[in-house]
Amino acid sequence: MTARAPAGLPARGLRFLLARRRVLLRLTAWSVLETGQTFLLGYGPARALDDGFLAGRAGVGLAWLAVTGIGVLLGAYGTARVYAAVAALVEPFRDRLVERVVARGVRTGDAGSLSGLTQQVEIARDTFAGLVMVSRSFVVTAVGALAGLFTLAPPLLLVVGPPLALGMALFAATLRPLARRQETFLLADEALAGDLGTVCPGLRDVTATGAEAHIAAGTGERVEAELRAARALAHWGVLRVVSLTVGGQLPIVLLLAAAPWLLSHGVTAGALVGALAYVTQSLLPALRNLIHGLGTSGSRLTVVLRRLTRTDTDTATATATATATATDDGNTPPPLGAARPANTTAGTVGPPRPADGTTPAGASRPDGSRSPTQAGRSLPRPARSRPGEEAPPALSLTSVTFAYGSASAPVVQDLDLDLPPGAHLAVVGPSGAGKSTLTALVAGLLTPSRGAVRVGGHPVPGPDAAAGRVLIPQEAYVFGGTLAENLAYLRPYPVPEEEMLAAADAVGLTPLAGRLGGLGARVDPAALSAGERQLVALTRAWLSHAPLALLDEATCHLDPGTEERAERAFAARPGGTLVVVAHRISSARRAGRVLVMDGRSTAYGGHEELMRSCALYRDLVGSWAPAPALRRSEPALALRDAYRVDAVAGPGLAGDGGHVVAHRPVGQVQAPRDLRDGGPLGREG
């Protein structure tokens, strides 16, 4: 059996009105008094002039004016009674909407029910009442005015009737497209509000991951969409003004212009004055209210009624569509406390399950058992290759060029790079050389001007590539929740406690977790140091299923020992690939391969190879060294900045030229060529 489709809004509205025939009859009866008021508003002054003042009978003229005044009083009484009849029509309409909203909210747990009950129902009620009053007023006024014109002198209808009919026809022709554009504008406005409602609570996420430009571009598209809708609505609004001009103001001009002809064809001066009164005091205001009411409020009422009267299936479909729209680009972080989408800002990994279909570590299998934790972690596999072919690189850049503006010099130019799975790459270079830009390109936060970026064989940007990488920025983000909630933020399934403890031990978070009170302890982000926040973010990323980890100076606030432990933990992840934007030369020594960036020029190779072939790398190595044991946090970086300006020794440092102050916010005071380090990690590509 096929389910019957729900009736449309016009059919349901007609049934609603027919069920309240008595209210409509009462509304019509009281409207007759307003019709009489409109009739006397032009007919009384006309008779007062023709039969009274112009005929030398002032008493008759005053009597007709008194009759007109009584008609106005009766009309005002009828208007008051009309409001009571409209209330009897509108309140049941509101009650029906409230019943439907409450029933759907109880039945489906719709989160929008409260908003619908407190705001949208009231909007529908007030708008419906306004439309009833405006439409009724125009009909009553038009009937009374046209009857008065015909009674005064039929030729007056030849002057007033055609432009009025033409204005109404023009308005009727524009009503449907105007309503569509009004609805488009409202939807665009709601989309922008929804986007801002998602972005604004996640501004810390956006800032922490360096995604300001990317998020601004997405929000800018919605702003542009609303601007286009507003312009289209304004263009059709011009036709609304034209219809008002033709139907309400042109008759005034025609009456004045045709006055000699009318007077020569038996129309009296009083009738001409009465006709002007009909047009200026009755028809023009009623037409203006009708055009503005139906043109604006009518379409808004249609949109609200569609929202409030949709079925449960429609609600589920709309919710799914809104969710897909909010999450398909993989770049908008969810507000805290909301369900995390599959792909969010850089630092969030992809789909609920790994790309190879295996059960994520710590997730429940159908039989209720748990998948292996730490030792048996399953990371998403790269794009499938044909039998006999090698797996695609974990990271591939082909002729990648990027500049911040069409007139700017490229920060990255014609860069080619292939990293096999399991590789460990360190990216070094002076400030402004493009290191962070490179990680943003790999993460999909920036789009190259030319060239292609692929993660695991998948193009960037894209959902598959987003699932295969995790970005840890310099400014780590920790939110106000438990430590366990912070660590499991990038995992779509519950993470077993033993797996989180293993991750904390691997990265070096265990001492901090103990001081905080364990995984269930609540975290106050403001009470944590920058280095402690970085440890939380590193452990969170280590627990993710993304095989490619991008550490964009993510350890700059850690001491060298903790930094080494964290980097070795990421490099040892089964199937994992590590890219580190290094702020200490020790990171480059631990990496199997090093990428030296200096604007347009780059160098690539191992540490010893670059020491022989790259002068910039030798310069960087010569200006980096571990900090003295007694000094904790003197800033340190390269001997020269991007413009080759020598650094200046800081206060308290020996002035022998053997110590330098670098340009990073946190680093170490280092002596030339003091490079004690544990050596490179194994398993590099």
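# Notebook: patches, salt bridges and helices in a predicted model

I began with the surface, where F53, L62 and L65 form a nonpolar patch with about 270 Å² of accessible area together. For such patches I took residues with over 30% relative accessible area and no salt bridge, joining nonpolar side chains (Val, Leu, Ile, Met, Phe, Trp, Tyr) within 5 Å and like charges within 9 Å. The accessible areas come from the Shrake-Rupley method with a 1.4 Å probe, and for residues only the protein chains shown count as cover.

Before going on I noted that this is a predicted model, in which local features need pLDDT of at least 70 and side-chain atom pairs count only at pLDDT 80 or more, while totals for chains, interfaces and linings use all residues. Residues are numbered from 1 along each chain as its sequence is written, and side-chain values use heavy atoms, with hydrogens and water left out.

**N-terminal helices and the record**

I placed F53 in helix α2, which covers residues 21–53; helices (H or I, at least four residues) and strands (E, at least two) are DSSP runs, numbered from the N terminus. F53 is partly exposed at a relative accessible area of 36%, where buried means under 20%, exposed over 50% and partly exposed in between (1.4 Å probe, protein chains only).

I then looked at the UniProt entry, which is unreviewed and lists residues 23–43, 63–90 and 128–150 as "transmembrane region"; its positions are given in the numbering used here, feature names are shortened, and annotations may be inferred rather than shown by experiment. In the model, residues 23–43 are 100% helix and 0% strand, with end C-alpha atoms 31 Å apart. Residues 63–90 are likewise 100% helix and 0% strand, and their end C-alpha atoms lie 40 Å apart.

Within helix α3 (residues 58–108) I picked out V82, which is buried with a relative accessible area of 0%. From V82 to R136 the C-alpha distance is 9.8 Å, although 54 residues separate the two in sequence.

**Salt bridges**

How many salt bridges does the structure hold? I found 12, taking a salt bridge as a side-chain nitrogen of Lys or Arg within 4 Å of a carboxyl oxygen of Asp or Glu. One of them pairs E499 with R491, with the closest N and O atoms 3.1 Å apart, and both of these residues are buried.

Another joins the side chains of R515 and E532 at 3.3 Å, N to O. Since R515 belongs to helix α15 (residues 510–516) and E532 to helix α16 (residues 530–542), the pair ties together parts that are 17 residues apart in sequence. Here R515 is exposed, with a relative accessible area of 57%, whereas E532 counts as buried at 18%.

I also checked E563 and R584, whose side chains meet in a salt bridge of 3.1 Å, N to O. E563 sits in helix α17 (residues 560–571) and R584 in the loop between β8 (577–581) and α18 (585–590), so this pair ties together parts that are 21 residues apart in sequence. E563 is buried at 0% relative accessibility, and R584 is buried at 4%. Through shared partners, salt bridges join E563, E564, E567, R568, R584 and R590 into one network.

The buried residues of α17 include T562, A566 and F570. D559 caps the N-terminal end of α17, with a side-chain oxygen 3.1 Å from the backbone nitrogen of G561.

Why do I call helix α11 (residues 435–443) largely enclosed by the rest of the structure? Because 8 of its 9 residues are buried, among them K435, T437 and L438. α11 is followed by G444, whose phi is positive, near 85°.

**Backbone details**

I noted a cis peptide bond between V460 and P461, with omega about 0°; P461 lies in the loop between β5 (458–459) and α12 (463–467).

D414 is not a glycine, yet has a positive phi of about 50°; D414 is in strand β2 (residues 412–419) and is partly exposed at 41% relative accessible area. E553, also not a glycine, has a positive phi of about 55°. I found E553 in the loop between β7 (548–552) and α17, buried at 4% relative accessibility.

Methods: A polar contact is a pair of N or O atoms within 3.5 Å; within protein, one must be able to donate a hydrogen and the other to accept it, and residues adjacent in sequence count only if both atoms are side-chain atoms.
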